[in-house]
Amino acid sequence: MFARPICSWGRFLSPATGFKPSACNTSKGVDLGRRYFSHNPLLRKNAASAPFNTPQSRQRNASTMYYAASLILGTVALAYGSVPLYKMICQQTGWGGQPILTHRTGEGDTADRVKPVTDSRRLRITFNGSVSDVLPWKFTPQQREVRVLPGETALAFYTATNKGPADIIGVATYSVTPGQVAPYFSKIQCFCFEEQKLNAGESVDMPVFFFIDPDFAKDPAMQGIDTITLSYTFFKARYDDNGVLKPMPSA
């Protein structure tokens, strides 16, 4: 079946290559392609000097693979690390509507800040609570609002109830509106970004201890703000394969 076309190719190539097939039969014709390449010095030279056959080329390919793998791993690490880093910066600076988290460590700095500014107007602090769609909890503030002076501490409570049939661990995020007030909204104690486990049908009260920094009263940009809203959103805790808590979405 292949003898005739192979012999035809041989007759066509013979003047250019000097290769002359001895006979036009099937048994010898099937080796025409292989013999043609072996008799053609140009093809032998090109095959021997192909770029992908050199050690330098193989080294470049390996370097490219290592670079691509490093880039992928770096991207994954950045994706997992960017959210906690963002939250840490926000909690320290109040950027993005995140209140500043202040811990009572025995140092005098916090105590110096919690001095009510008696000649300032009282601020109306309101509270919101919500849960994600996949979390079968009820989460509501126990009070609608409180009124405080800048520098005056206040205590508020939220109530969380697990209405599902199984024990669930939740994690809360929070934010403050208007966003420009966040640098002045300082938390002394709260349940945010901490795992909260509720058994099936269990209800717990969650306290929030906070104050508005006294410098709020000195900032001209805050003069028109009389109402501040503190919002919490609970999400179902998610873990990776190593049992590490995954980053929570922003509230």
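Student: What order do the strands of the open sheet take, and what is the pairing like?

Tutor: First, the ground rules. This is a predicted model, where local features need pLDDT of at least 70, side-chain atom pairs count only at pLDDT 80 or more, and totals for chains, interfaces and linings use all residues. Residues are numbered from 1 along each chain as its sequence is written, and side-chain values use heavy atoms, leaving out hydrogens and water. Strands are DSSP runs of E, at least two residues, numbered from the N terminus, and two of them pair if DSSP finds at least two bridges between them. Here, five strands form an open sheet in the order 4-2-10-6-8, with mixed pairing. Strand 4 (145-148) and strand 8 are the edges, each pairing on one side only.

Student: Which strands does strand 6 pair with in the antiparallel sense?

Tutor: Strand 6 pairs that way with strand 8 (residues 196-198) over three bridges, and with strand 10 (residues 227-236) over eight bridges. Take Gly170: its bridge partner in strand 8 is Gln196, and in strand 10 it stands opposite Lys236. Ile168 has Leu198 as its bridge partner in strand 8.

Student: Why is strand 6 largely enclosed by the rest of the structure?

Tutor: Buried means under 20% relative accessible area (exposed is over 50%, partly exposed in between; 1.4 Å probe, protein chains only). Eight of the ten residues in strand 6 (residues 168-177) are buried, so the strand is largely enclosed.

Student: How many disulfides does a search of the whole structure find?

Tutor: A disulfide is a covalent bond between the sulfur atoms of two cysteines; the cut-off is a sulfur pair within 2.5 Å. The search finds one, joining Cys190 to Cys192 with S to S at 2.2 Å. Both Cys190 and Cys192 are buried.

Conventions:
Helices (H or I, at least four residues) and strands (E, at least two) are DSSP runs, numbered from the N terminus.
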